[in-house]
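Look over the sequence and the 3D view, then read on.

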Amino acid sequence: MSFFLNKKMLVSLTATALLSAVLFVLNNAYNISLRDVQYFNGWVLLTLIVAMLFLTIRKKLVILPFGRTKHWLQLHYYLGLITLVAFLIHTDLRLPNAPAEWVLWLLFCLVAVSGLFGGLVSKVVPKRLEEHDNQISFENLPSLRAQLAEQAEVLAMSSLQGGDSRSLAELYVDRLHHFFAAPRNIWAHLRLSDLPLARILGEVDSIQRYLDDTGQARLDEMKSLVKAKNALDFHYAHGSVLKFWLFVHVPQTYAMIVFILVHVAIAYGFSSGIA
């Protein structure tokens, strides 16, 4: 299955490279014809950008038979690569020389970078979540985290009853309350590092020698709660990246389109004035 996916990606990238080469050849042919090539590659660039916006339309028309969203998303990625080539052709690898062009240039770069980042996380994050073997809805994470925090507090306070050692309660107040209160170790989870979890479990195990059998049972239960909370944090870290990168990419895209329309109006207005 992995080989098939790699082969499919190779075919798609090859097709993307060929289409980019065709665009380059057509641009040179148009230039040789002594016509203003900037208008040609500019409209090609705008057409590609509009084509990528159809992904958003496709997501909203879920009841219509327009194919699977997955395939539209893949098309969006590869069109994005061709669009990047069209942008380089249109700018002729030169920096802008006017304030409005600088804004549009920077917006395009931000959209391109955030799009490439989104393509990467859309490939990596779902696989990581599947490998973690725990299907949890991102929207349910706060309530699940609150339940674990409540269970941990009740368990810690119960260690004070019946003359048990205060060690577990003290550990909860000093260390575990902070851990259960909110998502923790986000960067470590994104790096797939288990070091923070090992450190916390080590602190929990350090009080083992102070506990009797009943206290040991509570300690084992607390360790289970710590591991469950760590799993929620893993899903929160990856789900946040997968969910919130769009809040960067989408507003930049619409701002870019507004500036493209302004750019087109200025370009045609200037050409009409020259005429």
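Q: Where does Arg 145 lie in the predicted model?
A: The model is predicted, so local features need pLDDT of at least 70, side-chain atom pairs count only at pLDDT 80 or more, and totals for chains, interfaces and linings use all residues. Residues are numbered from 1 along each chain as its sequence is written, and side-chain values use heavy atoms, with hydrogens and water left out. Helices are DSSP runs of H or I with at least four residues, strands are runs of E with at least two, and both are numbered from the N terminus. By that count, the place of Arg 145 is helix α5 (residues 141-158).

Q: Which side chain of opposite charge is nearest to Arg 145, and how far away is it?
A: Lys and Arg count as positive, Asp and Glu as negative, while His and the chain ends are not counted. A salt bridge needs a side-chain nitrogen of Lys or Arg within 4 Å of a carboxyl oxygen of Asp or Glu. Arg 145 is buried but has no salt bridge. The nearest side chain of opposite charge is Asp 233, at 5.0 Å.

Q: Which residues does Arg 145 touch, leaving out those up to four places away in sequence?
A: Contact means heavy atoms within 4.5 Å. Arg 145 touches Phe 180, Ala 182, Pro 183, Lys 229, Leu 232 and Tyr 236.

Q: Which residue forms a salt bridge with Asp 233?
A: Side chains of opposite charge can pair when their charged atoms come close. The closest N and O atoms are 2.7 Å apart, and the partner is Lys 229.

Q: Is Lys 229 buried or exposed?
A: Buried means under 20% relative accessible area, exposed means over 50%, and partly exposed lies in between (1.4 Å probe, protein chains only). Asp 233 has a relative accessible area of 0% and is buried. Lys 229, also at 0%, is buried.

Q: How many salt bridges does the whole structure hold?
A: One of them joins the side chains of Asp 92 and Arg 94, at 3.8 Å from N to O. Arg 94 is exposed, with a relative accessible area of 55%. A search of the whole structure gives a total of five.

Q: Which residue forms a salt bridge with Lys 223?
A: The closest N and O atoms of the pair are 3.0 Å apart, and the partner is Asp 205. Lys 223 lies in helix α9 (residues 213-244) and Asp 205 in helix α8 (residues 195-205), so the pair ties together parts 18 residues apart in sequence.

Q: How are α5 and α6 directed relative to each other?
A: Axes are lines fitted to C-alpha atoms, for helices over the stretch in contact, and angles between N-to-C directions run from 0 to 180 degrees. The axes of α5 and helix α6 (residues 167-181) come within 9 Å and cross at roughly 170°. Angles under 35 degrees count as roughly parallel, over 145 as roughly antiparallel, 65 to 115 as roughly perpendicular and the rest as oblique. The two helices, α5 and α6, are therefore roughly antiparallel.

Q: How do the residues of the contact of α5 with α6 divide?
A: The α5 side includes Arg 145 and Leu 148, and the α6 side includes Tyr 172 and Phe 180. Ala, Val, Leu, Ile, Met, Phe, Trp, Tyr, Cys and Pro count as nonpolar, Asp, Glu, Lys and Arg as charged, and the others, Gly among them, as polar. The division is ten nonpolar, no polar and two charged.

Q: What is the phi of Asp 92?
A: Most residues other than glycine have a negative phi. Asp 92 lies in the loop between α3 (69-91) and α4 (99-131). At 46% relative accessibility, Asp 92 is partly exposed. Its phi is positive, near 55°.

Q: How many helices does the chain have?
A: Buried residues make up 33% of its 275 residues. There are zero strands, and the helices come to ten.
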